Amino acid sequence: ERTGSPDGNLRLFWQGSKTHDLDWHECIDAVDTMMAEFKNLRLVILGHLPMVLQERANTPLYKGRIEFMGFSDPETYFELIKHVRADAGIAPVVDEPFNHGKSAIKVIENALIGVPTVASAIEPYASVIEDGVTGYLANGKVEWENSLRELLTNAKLRKKMVESAREMVAQEYNIKTVAKQWEEVLLGK
């Protein structure tokens with residue numbers, strides 16, 4: 001299966017709603033650095049265009065480099081994301097109790113569409129991503145930069161990481177495994 005950008009550009013993918021505006025503060029400095037370092041880097045944004053990107057959209061560093069797709073209907077969401085061809089995905093979240101209770105759905109969906117993920121090194125991602133194997137966990141500007149740079153410059157690593165992440169998803173999140181776990185919890189079997 002093909003992964004990565006199809007046209008010689010690099011792409012960084014993020015999806016989310018307005019509720020994630022503050023989360024972008026976890027990685028925006030590193031994204032700025034990557035945008036300066038890789039002149040062929042594009043941001044693919046699905047859903048809400050975060051405020052930090054709205055503020056930067058017309059600056060020389062970002063102008064013409066944000067591919068904003070807006071929101072999709074729930075019925076067409078999976079059809080849409082399966083066509084996203086990005087080199088890396090990001091999943092930043094602020095370290096606060098509410099975020100610890102969220103799911104790692106971004107990591108799971110990214111794996112399924114062939115995009116390795118760099119995520120904040122907290123729950124919900126810390127227990128799902130095996131750092132350096134099924135994705136990267138980042139804390140602070142330097143870790144975000146190093147992780148993004150590694151993925152943007154190493155196609156073999158991206159492919160290997162996606163394969164490992166897909167294997168993890170197949171083992172941990174397939175319906176047979178999950179149904180059996182629920183059966184054990186609900187019925188005591």
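1. A helix, as the word is used here, is a DSSP run of H or I with at least four residues, numbered from the N terminus. With that term in place, helix 5 can be named as the element that gives the most to the lining of the largest pocket, with three residues. The model under review is predicted.

2. The largest pocket holds about 200 Å³ of space. Its lining consists of 13 residues, and those nearest the centre are Q15, G16, S17, L46 and Y77. At least two lining residues come from each of strand 1, strand 2 (41-47) and helix 5 (105-112).

3. Rolling a probe the size of a water molecule over the atoms shows where empty space is left. The structure contains one cavity of 30 Å³ or more, and the largest cavity has a volume of about 30 Å³. It is lined by V107, N110, A111, V115, P116, T117, T134 and A165. For the lining of the largest cavity, too, helix 5 gives the most, with three residues.

4. The aromatic rings deserve a separate point. A pair of aromatic rings is described by the distance of the centres and the angle of the planes. The count comes to two aromatic pairs. One is formed by W14 and W24, edge-to-face, at 5.5 Å centre to centre and with 75° between the planes. This pair links distant parts of the chain: W14 belongs to strand 1 (residues 10-16), while W24 lies in the loop between strand 1 and helix 1 (28-37), 10 residues apart. Both W14 and W24 are buried.

5. Another aromatic pair is made by Y77 and F78. Their ring centres are 5.1 Å apart and their planes stand at 75°, so this pair is edge-to-face. Are Y77 and F78 buried or exposed? Y77 has a relative accessible area of 17%, so this residue is buried. F78 has a relative accessible area of 54% and is therefore exposed. Y77 is also one of the residues that lie nearest the centre of the largest pocket.

6. The last point concerns the surface. W182, V185, L186 and L187 make a nonpolar surface patch of about 490 Å². Where is W182 placed? The residue is in helix 8 (residues 175-187). W182 counts as exposed because its relative accessibility is 51%, and the cut-off for exposed is over 50%.

Notes: Residues numbered from 1 in each chain as written. Predicted model: local features only at pLDDT ≥ 70, side-chain atom pairs only at ≥ 80, totals over all residues. Heavy atoms only, no water. Patch = residues over 30% accessible without salt bridge, like charges linked within 9 Å, V, L, I, M, F, W, Y side chains within 5 Å. Areas by Shrake-Rupley, 256 points an atom, 1.4 Å probe, with all protein chains shown as cover. Salt bridge = Lys/Arg side-chain N within 4 Å of Asp/Glu carboxyl O. Buried < 20%, exposed > 50% of the residue type's maximum accessible area, 1.4 Å probe, protein only. Phe/Tyr/Trp six-rings, centres within 6.5 Å; stacked < 30°, edge-to-face > 60°. 1 Å grid on protein atoms, 1.4 Å probe; cavity = no way out; pocket = protein on both sides within 12 Å on 5 of 7 lines; lining within 4 Å. Points joined across faces, edges and corners; volume = space filled by probe spheres on them.
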